[in-house]
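The following report describes one protein model together with its ligand. The sequence and coordinates are shown first.

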Amino acid sequence: MTTTRDLRRKAGEEPITMLTAYDAPTAAIVDEVGIDVILVGDSMGNAVMGYDSTVPVTMEDVASRTGSVVRATEDALVVADLPFLSFGVEQSESIHNAGRLLKEEGADAVKIESGPHTVALTEALSDVGIPVMAHIGLTPQHVNEIGGYHRQGTERDAAAETLEIAAAHEDAGAFAVVIEHVPANLAAAITDRLEIPTIGIGAGPDCDGQVLVSTDVFGLSDWSPPFAERFGDVRGEMRRAAESYREAVENGEFPGPEHASIEEDLEGFDDRE
Ligand code: KIV
Ligand code: NA
């Protein structure tokens, strides 16, 4: 079992690996190949639920899929994302929602898109024993406020503010921080400054670890951000399998004799003479 302590030990020594999963078979594969952290990301909204943002994703969505991932995972640390408006409105509701993902679904930690408004919450969650992974830089739940998925922290003031937010969450007790879509030199400076592990996505090579959305890595997504990389062609494989199945049924090759069985006792059961 990977723990938050293991990640801290690994940081700066070896790269930490993190990948999303939203279902049991994917989690089992990601776990078996030795990925350190599985994120049940609210990226499920875009990746597998057919939404065009993470905004519509609910607590029920994340809870159900967290349970599926947890049941299929043996070694990786499972982190569940708190979806839009499940936190940040009322503290006790936020704690209840985060706690539910640990207590009822078996997650090991939660991730929260961070800002000045999540420092006190991060401290409260850490205090009651819910490990928090912070998330700074581009925070996709803010897409409507930002007006797109633009790179963040590109100006000196914004960069300083991003570093400050990261440090405030470390002080509040966060065990790690995701840094999304910022200049590599800003991510490097944050990694240098913080003691807790930094895990980058579109943030260059100098973070303590890297995370990507699994459907992008597998080559299943129909669109991926420019900072992602396809390491497979699962979309092509699934297409070929679905097409072969259709053809086999249409031309009578499936099912074959090996897929069917004759029950001798039924010989003549429908004789009407
Ligand atoms: O939801 C998600 O997959 C994420 C990662 C991209 C960090 O938040
Ligand atoms: Na997310």
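## Strand 1 and its partners

The chain crosses from strand 1 through helix 2 (residues 24-32) to strand 2, forming a right-handed β-α-β crossover; right-handed denotes a clockwise path from the first strand over the helix to the second, with the strands pointing away from the viewer. Strand 2 covers residues 37-40 and pairs with strand 1 in the parallel sense over 3 bridges, where pairing requires at least two DSSP bridges between the strands. Helices (H or I, at least four residues) and strands (E, at least two) are DSSP runs numbered from the N terminus.

Strand 1 also pairs with strand 8 (residues 209-212), in the parallel sense and over 4 bridges. In that pairing, Leu 19 stands opposite Leu 212. Because 4 of the 5 residues of strand 1 (residues 16-20) are buried, strand 1 is largely enclosed by the rest of the structure. A residue counts as buried if 20 or more other C-beta atoms lie within 10 Å of its own, with C-beta atoms placed from the backbone.

Thr 20 lies in strand 1 and counts as buried because it has 27 C-beta neighbours inside 10 Å. Leaving aside residues up to four places away in sequence, Thr 20 touches Leu 39, Gly 41, Ser 43, Val 213 and Ser 214; contact means C-beta atoms within 7 Å.

Thr 20 is also one of the residues surrounding ligand 1, among them Asp 42, Asp 81, Glu 180 and Ile 201; the criterion is a C-beta atom within 6 Å of the ligand. By class, this shell has 5 nonpolar, 3 polar and 3 charged residues. Nonpolar here means Ala, Val, Leu, Ile, Met, Phe, Trp, Tyr, Cys and Pro, charged means Asp, Glu, Lys and Arg, and the others, Gly among them, are polar.

## Overall architecture

The protein has 11 helices and 8 strands, and 44% of its 273 residues count as buried. Its C-alpha trace spans about 90 × 40 × 35 Å along the principal axes. Among contacts between residues at least 6 apart in sequence, 58% join residues at least 24 apart.

The domain assignment, from an automatic or database source, gives domain 1 (4-233) and domain 2 (237-266). Their C-alpha centres lie 42 Å apart. The C-alpha atoms of Thr 20 and Gly 256, 236 residues apart along the chain, are separated by 38 Å.

## Conventions

Residues are numbered from 1 along each chain as its sequence is written, while chains are lettered from A and ligands numbered from 1 in the order in which they are written. As the model is predicted, local features need pLDDT of at least 70 and side-chain atom pairs count only at pLDDT 80 or more, whereas totals for chains, interfaces and linings use all residues.

Note on methods:
Buried ≥ 20, exposed ≤ 12 C-beta atoms within 10 Å, placed from the backbone. Contact = placed C-beta atoms within 7 Å.
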